[in-house]
Amino acid sequence: MNARRLLRCVNARRLLRCVNAPGLLRCVNAPGLLGYGIGGGLIITGLAGLLVDARHSDPLGWALWFGGLVVAHDGVLVPLVLLVGVAVGRLRTPSWVRAGLIVAAVLSFVALPMVTGLGRRADNPSLLPLDYGRNLLVVLGLVALVTAVAAIATRLRRRRG
Amino acid sequence: MVRDSVMRERAETLLRSVPGRFGSVLHSERVAARLGMWLGISFTVAFATGLFSHFMQHPPGRLSWPSRPVGLYRVTQGLHVIGGLATIPLLFAKLWTVYPKLWQWPPFRSLSHAVERGLVLVLVGASLFQLITGLLNISYVYLWPFSFPVAHYWTAYLLYGALIIHVVNEWAKIRRHLWTREQVDPRETVTARRRFLGTVAAASGLTVLFTVGETYAPLSRLALLAPRDPHVGPQGLPVNKSAAAAGVTTVIHDPGYRLTVTGAVRTPLSLTYDDLLRLPQHTVRLPIACVEGWSAEAEWSGIRLRDLAALAGIAPDAILTVESLERGGGYRSSEVRPPHWNDPLTLLALRIGGAPLAPDHGFPVRLIAPNRPGVLQTKWVTKVVAA
Ligand code: HEM
């Protein structure tokens with residue numbers, strides 16, 4: 001074993017030990033400590049700012065949104081996605097359907113607040129000027145079309161090859 | 001007693017087995033590392049452009065921003081908002097990839113592990129908060145009790161701080177997965193990974209494609225999912241706050257209207273609308289670039305702010321405050337520092353495309369300057385104060 005390989009081996013072992021050690025301060029070197037310092041400083045700055053600016057930041061309302069989004073994401077959104085994922089996995093050519101669904105879901109998510117039209121105001125027609133429901137359908141139709149063509153092409157190629 | 005401990009042991013085994021039940025090969029460190037790198041880049045861009053926007057609106061001390069390049073703020077804020085939307089699929093993909101770790105058992109293996117997980121919670125919560133309230137904010141859906149800019153500003157520090165600590169903690173894995181090209185994975189795994197990352201990138205790219213036209217006019221016809229169309233509004237230009245919302249619909253047509261120039265001046269001025277029309281007029285093409293990420297270009301005519309300052313005998317290093325007829329509101333006045341008001345492109349505009357300003361665009365007079373957030377392009381101007 002030459003020196004370089006030995007070194008790499010030693011490093012790899014050290015790396016493994018670091019990765020397997022739970023928690024903070026595992027094998028943290030000087031740049032790492034600096035990172036903790038800067039990161040901790042930024043977090044304290046953010047928390048202090050939210051508290052000092054309480055009249056505008058409304059810490060309680062802020063905390064409800066902060067926690068509520070985590071709960072809604074981890075407790076509702078991801079489980080739903082996992083269920084859909086299991087269902088799609090049963091299909092014969094799942095990969096294109098999966099890709100199409102991911103793209104469609106993301107575009108729908110981004111468009112949803114506009115589709116609801118909750119932000120419209122009578123005095124300002126330049127705000128949310130489009131028909132977002134129709135536009136989203138157009139976009140989803142395009143995604144479905146591309147997905148279907150790709151899935152069929154893949155299946156044909158597989159049958160021939 | 002014995003049955004009790006058997007049950008507990010079974011429950012324990014079940015809980016420990018949860019993370020292993022996520023069958024997809026995509027719940028992997030390698031996918032997480034790659035998505036993490038993309039997120040690191042986009043959060044860095046968002047933090048930098050966001051801070052730029054903040055300090056442009058609230059310059060510390062006597063610091064002045066340059067007035068050029070003309071479209072700088074338009075580009076940085078467009079990058080912020082459109083880049084922010086493009087980050088949404090990256091974040092969802094990343095959180096899905098690492099979701100099994102949420103159910104690790106035991107939840108805390110040591111005090112430092114508990115602290116680490118607490119900081120990951122801060123990172124996840126702050127990321128979801130920034131992206132989702134940001135999306136709602138640009139869609140004008142304000143379902144919260146806090147001021148969006150204030151909450152968004154401080155949460156950005158929380159997010160970026162937690163991100164730095166997270167990168168330090170994961171550094172060994174990041175190096176292992178991003179710096180090495182070992183091919184130990186089976187081919188199907190590699191294909192699945194490529195396909196997944198490609199799909200996420202496509203979702204990100206399509207989000208940009210269908211929104212970026214709200215600030216990049218050549219693509220405006222593709223902006224099917226953008227909250228603005230840069231060609232829609234009075235005089236073909238979008239409006240943020242209407243005259244009605246500002247409560248100025250009658251006062252702007254008052255025949256007693258005067259534009260006054262006061263404060264540290266040699267000659268105080270008080271000019272009627274017709275006086276303003278008789279001063280030398282200039283025409284410039286400038287974008288109006290909103291903090292919400294949209295922007296639109298127009299041809300503005302009016303008097304140069306620096307000509308007015310010269311007429312009143314204002315020192316070239318003075319700071320001007322431009323005040324609106326609007327009674328209240330956070331943006332009823334704005335400061336114009338020397339680089340901006342000495343710039344020949346900075347106008348007190350009376351016209352758009354040759355026609356008098358529509359009430360919603362600030363009739364009789366509005367400020368328009370290069371490289372400046374739209375909220376500081378004060379409308380319905382009635383007073384300039386030099387300091
Ligand atoms: C979908 C994603 C996002 C959207 C749509 C968005 C939107 C906005 C908007 C509209 C503003 C202007 C607020 C105002 O002045 O009224 C803003 C400012 C800002 N953003 Fe974001 N943002 C997003 C993500 C982020 C992220 C991830 C960060 C931090 C890493 C961030 C940091 C900031 C900062 C520091 C400001 C300045 C706030 C101030 O003026 O005080 N943003 N953003």
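A nitrogen atom of the ligand lies 2.7 Å from an N or O atom in the side chain of His80(B), a polar contact in the sense of a pair of N or O atoms within 3.5 Å. The model is predicted, so that local features need pLDDT of at least 70 and side-chain atom pairs count only at pLDDT 80 or more, while totals for chains, interfaces and linings use all residues. Side-chain values use heavy atoms, with hydrogens and water left out; residues are numbered from 1 along each chain as its sequence is written, and chains are lettered from A and ligands numbered from 1 in the order in which they are written.

For His152(B), the distance from a side-chain N or O atom to a nitrogen atom of the ligand is 2.7 Å. The side chain of Gln57(B) places an N or O atom 3.3 Å from an oxygen atom of the ligand. The shell around the ligand holds 25 residues, each with a heavy atom within 4 Å of the ligand. Those that come nearest are Gly50(B), His54(B), Gln57(B), His80(B) and His152(B).

At least two residues of this shell are supplied by each of helix H2 (29–57), helix H3 (72–97), H5 and helix H6 (148–178) of chain B. Helices are DSSP runs of H or I with at least four residues, strands are runs of E with at least two, and both are numbered from the N terminus. H2(B) gives the largest share, 7 residues. By residue class, the shell consists of 14 nonpolar, 10 polar and 1 charged. Here Ala, Val, Leu, Ile, Met, Phe, Trp, Tyr, Cys and Pro count as nonpolar, Asp, Glu, Lys and Arg as charged, and the others, Gly among them, as polar.

Backbone geometry was also examined. Most residues other than glycine have a negative phi, and most peptide bonds are trans. The bond from Trp105(B) to Pro106(B) is cis, with omega near -5°; Pro106(B) sits in the loop between helix H4 (99–102) and helix H5 (111–138) of chain B. A cis bond also joins Phe363(B) to Pro364(B), with omega near 5°, and Pro364(B) belongs to the loop between strand E8 (355–356) and strand E9 (366–368) of chain B.

Positive phi values occur at Asp58(A), near 45°, and at Gln235(B), near 55°. Asp58(A) is found in the loop between helix H3 (54–57) and helix H4 (59–89) of chain A. Its relative accessible area of 25% makes Asp58(A) partly exposed, a class between buried (under 20%) and exposed (over 50%), with a 1.4 Å probe and protein chains only. Gln235(B), in the loop between helix H7 (187–209) and helix H8 (243–246) of chain B, is partly exposed at 32% relative accessible area.

Note on methods. A polar contact is a pair of N or O atoms within 3.5 Å; within protein, one must be able to donate a hydrogen and the other to accept it, and residues adjacent in sequence count only if both atoms are side-chain atoms.
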